[in-house]
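Work through the exercises below with the sequence and coordinates at hand. Each task is followed by a stepwise solution.

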Amino acid sequence: MQFIKPGTNFDFIGKWKIAAAFSCALIVITIISLVYHSGPRYGVDFVGGAQIELKADKQLHADDLREALKNIGIDDPSLQNSGKPEENRFILRTQSQIKGGQGFTDDMKKKLEETTNAKIEILSVDVVGPQVSGELRKMALMAIFFALLFIAIYISGRFEMKWGESIFASGVLIGIVYLVSLFNVSIPILIGIALIVSLVMFWMLGHKFALGAIASLIHDVIITVGFFSVLKLEFNLPVIAAILTIIGYSLNDTIIVFDRVRETIKSNKGKLTFGELMNKSINDTLSRTILTSLLTLISITPLYLMGSGSIKDFTFAMIIGIFTGTYSSIYVAGAIVYALETKRSKKPIAQT
């Protein structure tokens with residue numbers, strides 16, 4: 001389906017400085033929010049605690065439920081309605097270290113019924129210990145890091161045919177990560193150092209496509225985390241899963257644009273400057289990019305509106321990621337490739 005007329009020529013590359021300022025503003029807001037809130041608001045998956053889903057046979061006020069929970073030693077619950085309001089279902093999350101099991105469930109049910117005068121049904125109890133939560137957080141961050149690393153290698157090899165340099169850069173990066181890890185630095189700092197080193201290496205090696213792709217993906221991850229931080233939403237395992245999905249989604253969009261750039265370079269024969277070539281490639285793929293984004297949004301928006309708990313967290317992150325992924329494949333990845341190419345050579349691409 002082609003709803004953008006052939007020959008359309010929006011000047012995306014000409015607006016790259018405005019887009020760069022907009023992206024920088026969002027990143028600065030994210031950093032300020034993370035500093036102000038002392039990092040993301042981690043869920044029980046990452047800090048330990050419990051998530052309990054329960055259902056009452058009548059409507060309960062959140063304050064009454066909190067008061068009842070104090071009687072069983074849960075002083076800091078985060079309460080959230082689950083499902084439709086008439087279903088009277090709640091999800092409570094607490095960082096208090098509690099013991100699960102049938103005894104805890106029965107005692108909790110009994111005391112809640114005594115306090116609220118409602119019939120309570122405990123639907124699920126998930127308890128995560130502090131050691132397990134620490135391991136989960138470490139593994140989640142490492143999963144994001146290695147996803148970005150292998151994507152960079154793939155982009156370098158596919159679009160610039162520099163597999164040897166890509167593998168060499170990966171070896172250097174893994175070596176640096178290993179050496180830095182010997183000093184027992186935290187995982188977020190370790191990943192931050194690794195990403196900076198990888199961006200510097202790809203820049204020095206002249207891997208403009210890899211640099212554009214990896215910067216675009218980092219941009220999407222940062223903006224998504226920023227939305228969760230500003231809105232004080234919980235950062236949990238479903239959100240990590242959504243971020244990994246966003247990385248794949250954004251990468252797919254970027255590859256489509258880069259593929260068209262490569263094809264246009266081959267057929268250019270000196271007719272277009274690199275900026276015009278980039279604009280043509282982005283415009284040629286615009287229908288496909290918008291259609292894919294719209295169809296994905298249509299499929300996940302009902303899940304966000306009607307879902308609850310983990311599904312709502314996952315779909316919200318996905319909605320943010322679809323917008324940032326579509327935007328970054330045009331204005332971040334493409335603009336970085338254009339900026340690096342024009343910086344290295346003032347000549348039209350076909351003449352270099």
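**Exercise 1. Identify the residues with the most contacts inside the largest nonpolar core.**

Step 1. A nonpolar core is a set of buried Ala, Val, Leu, Ile, Met, Phe, Trp, Tyr and Cys residues joined through side-chain atoms within 4.5 Å; buried means under 20% relative accessible area, with a 1.4 Å probe and protein chains only.

Step 2. The largest such core has 66 residues, and those with the most contacts inside it are Phe 145, Leu 148, Ile 155, Phe 235, Ile 243, Ile 247 and Phe 258.

Step 3. Another core, of 18 residues, lies apart from it and includes Leu 60, Phe 90, Ile 120 and Ile 122.

The model is predicted: local features need pLDDT of at least 70, side-chain atom pairs count only at pLDDT 80 or more, and totals for chains, interfaces and linings use all residues. Residues are numbered from 1 along each chain as its sequence is written, and side-chain values use heavy atoms, with hydrogens and water left out.

**Exercise 2. Find what lines the largest cavity.**

Step 1. On a 1 Å grid over the protein atoms alone, a cavity is a set of points where a 1.4 Å probe fits but cannot get out; lining residues have an atom within 4 Å of a point.

Step 2. About 30 Å³ of space lies in the largest cavity, a volume being the space filled by probe spheres set on the points, which are joined across faces, edges and corners.

Step 3. The lining consists of Phe 145, Leu 148, Leu 149, Ala 152, Leu 173, Leu 195, Ser 198, Phe 202 and Ile 214.

Step 4. Helix H5 (130–160) and helix H7 (187–205) are the elements that give two or more residues to this lining; helices are DSSP runs (H or I, at least four residues) numbered from the N terminus. H5 supplies the largest share, 4 residues.

**Exercise 3. Describe the surroundings of Thr 285.**

Step 1. Thr 285 is found in the loop between helix H10 (274–284) and helix H11 (286–306).

Step 2. Is Thr 285 buried or exposed? Its relative accessible area is 4%, so Thr 285 is buried.

Step 3. Contact means heavy atoms within 4.5 Å. Not counting residues up to four places away in sequence, Thr 285 touches Ile 256, Val 257 and Arg 260.

Step 4. A polar atom of the Thr 285 side chain lies 3.1 Å from the backbone oxygen of Ser 281.

Notes
Buried < 20%, exposed > 50% of the residue type's maximum accessible area, 1.4 Å probe, protein only. Polar contact = N/O pair within 3.5 Å; in protein donor to acceptor, adjacent residues only side chain to side chain. 1 Å grid on protein atoms, 1.4 Å probe; cavity = no way out; pocket = protein on both sides within 12 Å on 5 of 7 lines; lining within 4 Å.
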